[in-house]
Amino acid sequence: MEPGGCILIKGGRVVDPANNLDETADVLIENGVIRAVGRPEVPSDCRIIDADGLVVAPGLVDMHVHLREPGYEYKGTIASGTRSAAAGGVTSVAAMPNTRPVTDDPSVVGHVLDKARVGGVVNVYPVGAITKGLKGVELTEFGLMLEAGCVAFSDDGATVADAGVMRRALEYARAFGALIIQHAEDPSLVSEGCMNEGVTSSRLGLPGIPAESESIMVDRDIRLVQLTGGRYHVAHLSTAGALEAVAGAQAKGLPVTCEVAPHHFSLTEEAVNGYDTYAKMAPPLRSEFDRKALLEGLARGTVSAIATDHAPHDEDSKKVEFCCAANGVVGLETLLPVSLELVAGGIMTLSQCLALMTWKPARLLGIQRGVLTPGFPADVVLFDLMEAWQVDSGRLHGSARNTPFHGRKVRGRVKKTLVSGKIVFEEEKY
Amino acid sequence: MSANHWNRKHLLSMRDIGRGEILSILDTAASFREVNHRDIKKVPTLRGKTIINLFYENSTRTRTSFELAGKRMSADVINMSVASSSVKKGETLIDTLATLQAMNPDVVVVRHSESGAQEFLARNLNAAIINAGDGRHAHPTQALLDILTIHDHLPNMGREDFQGLKVAICGDILHSRVARSNAQGLATMGAEVRFVGPPTLIPAKVEEAFNVKVFHRMEEGIAGVNVVMMLRLQQERMAKAYVPSIREYFHYWGLTKQRLALASATAIVMHPGPMNRGVEIASEVADDLERSVILKQVANGLAIRMAVLYRLCTPGSRS
């Protein structure tokens, strides 16, 4: 299929949360752009994709992904990461800046975008660092980096721990309306901890990280939002306390949002039993109490996005003693099926669930994606809502295998992924 | 010698070791004890077997104990410690173990500073592994030797078994693998375990994790107990704000004669060593042979390690 051509996705259940649409319809794509949704007149030379029995939705937007390039190509590349995204139905990813060099300069932003144009198969939106070198001291050039193509700022992987620096970041960002994304973990409370503090950490003899390490940082930052009026977003929020703080801030009308990761709302600290390093990430898997709070927050609408914190690692970084292992799990290919458990579990409707992975994160990042509105780029995912399959770490499409979901029985299988009208993924037939 | 039905390949923790299993190891140890009092302290039991002691942490008593245990049963024992290993050259733990495994030892005794290191090795390699201490997690042979030592003293306490026996484990519980393994092993035997120490040195939700009672005041914690087990306080705990000073620690949590008087009249005092006199235990208590069984623990350690090595090295004993 040439990008310039015509495609009709025919007879699927079209779910487009931004347009409040959930009905059987056809989607007409011309020149890589959505032309019409409904029962459009179809040019005779149009390629037909039969979507009978499938859900047709806007391509997913994952606002929290580590592509590792430049600098950590042995863990993953822009090519392998975006391949993984396409296989998961994700058509846009926000790439975190903790690369080598750090994305703290317009030149690195340009480099990432160039690499994405050449080797990437989905849309890549760089997130710039808040501080130079992620060191938490000097601000980066927000304005110039936005012009170069950044969509938000974060020191992800590190926390902006200094309250004075965070205050300035939130303040300065207002000049550009930029979004500040905080990896909220108070380093002095994390200390040497390598899993959530609780019964499991006590049994395993692993140094624990109290939930308060997150909520204290979020509480503090919300005060700074109140002071500065900056737009503030909590990355991979994992605790009941932090969620409560975000809900409180939202009730006051403050520009505070948060995302949660599938592993945090579907797994608990017990997954660490056996010292499984594939269950090690920052922030760590929390208690069942926290997990339930996240489900409530998702149901209530406190959470604005489901984001994976996709973090590919080479095997050597994980095949070591637990506390020595690198933090992070891959998630792009399990994002959709694990999130669909929220629908099956009656937490939310399919449309609400997809909203958290499409237009809502797109709006936070200010990108024209995540909708099937005519005139918008034709990023589309086709998936079988009910098809059951089992996650197999050996069959992932990226370069890394570090999924905590290996062996999990899930439902929801991506059949095709289109980016600007181009098919970038089709399910393999075995 | 007791019937030897043990199908374990590794000894990693006390978590899933049953009461019958513990008793049978105690029996085997008791039968080996006699060897250590002979003129010629050697039996041919493990002739032709190879044991490697791989220690990533300093250790005097545990390493010596495993080494002697192997040698007194005629096994070939190799000691490897961090200083002389390839670790300094940047070799990973699993590569070091794989290298040793290629030389086909019958068992590798591992001590490591990271919790879970031995479980990680056992999952990824074929070698039989005895955990000689991993981080804060487990030290199963220490728990077994402590249980044997308590067992030896049950008659003095007018008891037949561990049921209802009160054991206070006191001090730096947070960083202690000895406390964790003992809590599990003693609970399996039917004892009531208490953890006593300052709140900063007690792990989170430990009542639920180990089914113990927690006391922050020494006087309450050791009141009426049958066993007082003291733990070593590492000097570096001061630096991370766990406790303010040795002086204050000893003042409130040190085991003195006056405090010991609150325990049962027949209570014994234990310590896994090495002791810090004047930090967690007063010399007058440590050296009181009426109460202190610290050196008996060392002697029992040898017997327990002989029993465990014998069990893991002898195929017949595993079937």
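A: **A helix pair in chain B and its surroundings**

Helix H1 (residues 19-33) of chain B and helix H5 (residues 140-153) of chain B have axes that come within 10 Å and cross at roughly 75°; axes here are lines fitted to C-alpha atoms, for helices over the stretch in contact, and angles run from 0 to 180 degrees between N-to-C directions. H1(B) is therefore roughly perpendicular to H5(B), a term that covers 65 to 115 degrees, whereas angles under 35 degrees count as roughly parallel, over 145 as roughly antiparallel and the rest as oblique. The helices are DSSP runs of H or I with at least four residues, and strands are runs of E with at least two, both numbered from the N terminus.

The model is a predicted one, in which local features need pLDDT of at least 70 and side-chain atom pairs count only at pLDDT 80 or more, while totals for chains, interfaces and linings use all residues. Residues are numbered from 1 along each chain as its sequence is written, and chains are lettered from A and ligands numbered from 1 in the order in which they are written.

On the H1(B) side the contact is made by Ile22(B), Ile25(B), Leu26(B) and Ala29(B), and on the H5(B) side by Leu144(B), Ile147(B), Leu148(B) and His151(B), where contact requires that the C-beta atoms of two residues, placed from the backbone, lie within 7 Å. Sorted by class, the contact of H1(B) with H5(B) has seven nonpolar residues, one polar residue and no charged residues; Ala, Val, Leu, Ile, Met, Phe, Trp, Tyr, Cys and Pro count as nonpolar, Asp, Glu, Lys and Arg as charged, and the others, Gly among them, as polar.

Chain B also meets chain A, in a contact that takes 21 residues from chain B and 18 residues from chain A. Helix H3 (93-102), helix H4 (117-124), helix H6 (177-189) and helix H7 (206-210) of chain B are the elements that give two or more residues to the side of chain B that touches chain A. That side of chain B has nine nonpolar, five polar and seven charged residues.

Chain A, for its part, contains an open sheet of eight strands with parallel pairing, in the order E6-E7-E8-E9-E10-E13-E14-E15, and strands are taken to pair if DSSP finds at least two bridges between them. Strand E6 (60-65) and strand E15 (305-306) of chain A are the edge strands, each pairing on one side only.
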